Amino acid sequence: MSDPITQEIILQSDGNFYKRTVVTTLLKSQGDAIQRIKAKPAFQVIDIPVAPNTRIASFAGSDDDTHYVFREVPYFPFRGAVLHPNDDGSYRMSITSTPFEIHSENQIQTRGFNDNKGLRWEPFKAGGFKLYYMYTYRYHKGYVQNMGQPFVFLYHPDLKHSYIPNLPNVYDAGRICTGDDYTAEETTLHKLLQTNEAELNNSYCNNDLRMGLEAEAQFIMYDEVGNTLPIDGTNMPKDGKGNYFFMPPNKESILEFTSWLNNTKH
């Protein structure tokens with residue numbers, strides 16, 4: 001640009017003329033901008049499952065060596081919780097510091113539910129949602145290492161949106177609070193996934209990061225034998241904004257995988 005400084009005379013609303021000086025600074029050329037757009041890492045999903053209901057994804061072209069594993073599972077475990085009656089005849093969760101602890105005679109013990117694994121919440125029965133775990137990992141010196149705690153999110157095929165469920169032990173962005181007993185590396189990806197999922201399913205839940213009990217009882221409900229009950233339609237999300245239980249995700253990898261789900265037969 002031959003003249004980066006230009007001046008002009010302008011008439012303001014007060015009826016007076018003013019001189020305005022404009023300084024123009026080159027940021028990048030058109031060619032550089034186009035190349036930068038082309039070079040943006042693309043989120044790629046391997047559409048052939050590496051295991052049942054499991055897919056691998058990564059940002060191709062990125063310097064980051066992180067890979068993502070998205071695994072569809074049928075339930076979220078609440079091992080150690082017992083059933084407490086609601087006024088309408090349904091049941092909600094009661095979680096205490098001692099697993100499976102009963103505080104009143106109208107509570108129901110869940111220790112023997114699901115082959116002695118305890119209580120489970122099944123989001124498909126609750127409202128037609130699919131539940132996914134997202135694991136992050138990398139390969140390092142002959143081992144597969146996880147890159148932190150896994151995430152949980154729900155996807156609704158009809159609404160075509162994903163949501164972070166406001167569950168106990170789950171942070172707002174969807175990260176699961178796994179505690180310290182969570183395996184960091186294994187010799188193969190399959191072994192690491194198998195080990196980490198078993199640790200999630202066999203650990204005891206607690207009241208950390210839990211929403212108000214009365215509010216939670218509108219979304220997580222059971223019958224007397226631990227079957228998940230459907231959520232009332234007034235509490236179901238209507239769009240991507242969700243509500244205080246179904247929160248919109250903000251993590252790029254979850255948003256990208258949601259887009260892939262919306263545009264792929266699976």
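Student: Hi! Before we start, what are the helices and strands, and how are they numbered?
Tutor: They are DSSP runs: helices are H or I runs of at least four residues, strands are E runs of at least two, and numbering goes from the N terminus. Keep in mind that this is a predicted model.

Student: Okay, how many helices and strands does the chain have?
Tutor: There are six helices and 15 strands.

Student: And what share of the residues is buried?
Tutor: Of the chain's 266 residues, 41% count as buried.

Student: What about contacts between residues at least 6 apart in sequence, how many join residues at least 24 apart?
Tutor: That would be 60% of them.

Student: Let's pick a helix. What can you tell me about H4?
Tutor: H4 takes in residues 189-202, which makes 14 residues. From first C-alpha to last, H4 reaches 20 Å, close to the 20 Å expected at 1.5 Å a residue.

Student: Which residues of H4 are buried?
Tutor: Leu189, Leu192, Leu193, Asn196, Glu197, Leu200 and Asn201 are the buried ones. They sit on the same side of H4, because they cover an arc of only 160° around the axis.

Student: What covers them?
Tutor: The cover for the buried residues of H4 includes strands E4 (54-60), E5 (67-73), E6 (76-78), E10 (130-140), E11 (143-146) and E14 (185-186).

Student: New topic: which residues touch the most other members in the largest nonpolar core?
Tutor: That core holds 58 residues, and Phe76, Phe78, Trp121, Tyr133, Tyr222 and Phe257 touch the most other members. E10 gives the most to this core, with six residues. As background, nonpolar side chains tend to be buried together in soluble globular proteins.

Student: Take Tyr133. What is it in contact with, leaving aside neighbours within four places in sequence?
Tutor: Beyond those neighbours, Tyr133 is in contact with Val69, Phe70, Arg71, Val73, Tyr75, Phe76, Pro77, Phe151, Val152, Ile176 and Leu200. Leu200 is one of the buried residues of H4.

Student: Let's look at loops. Where is Leu209?
Tutor: Leu209 is in the loop between H4 and helix H5 (213-216). With a relative accessible area of 35%, Leu209 is partly exposed.

Student: How far is Leu209 from Asn169?
Tutor: Their C-alpha atoms are 5.3 Å apart, although the two residues are 40 apart in sequence. Asn169 is in the loop between E13 and E14. Asn166 has its place in the loop between strand E13 (161-165) and E14, and among the contacts of Leu209 are both Asn166 and Asn169.

Student: Is Asn166 buried or exposed?
Tutor: Asn166 is buried, because its relative accessible area is 13% and the cut-off for buried is under 20%. The side chain of Asn166 reaches the backbone oxygen of Tyr244 at 3.0 Å.

Student: Last one: where is Asp232?
Tutor: Asp232 is in the loop between H5 and strand E15 (246-247). Asp232 counts as partly exposed, at 43% relative accessibility. A polar contact of 2.5 Å joins the side chains of Asp232 and Thr234. Gly127 is 105 residues from Asp232 along the chain, with 8.7 Å between their C-alpha atoms.

Terms used: Residues are numbered from 1 along each chain as its sequence is written. This is a predicted model: local features need pLDDT of at least 70, side-chain atom pairs count only at pLDDT 80 or more; totals for chains, interfaces and linings use all residues. Side-chain values use heavy atoms; hydrogens and water are left out. The expected span of a helix is 1.5 Å times one less than its number of residues. Buried means under 20% relative accessible area, exposed over 50%, partly exposed in between (1.4 Å probe, protein chains only). The arc is that of the directions from the helix axis to the C-beta atoms. Contact means heavy atoms within 4.5 Å. A polar contact is a pair of N or O atoms within 3.5 Å; within protein, one must be able to donate a hydrogen and the other to accept it, and residues adjacent in sequence count only if both atoms are side-chain atoms. A nonpolar core is a set of buried Ala, Val, Leu, Ile, Met, Phe, Trp, Tyr and Cys residues joined through side-chain atoms within 4.5 Å.
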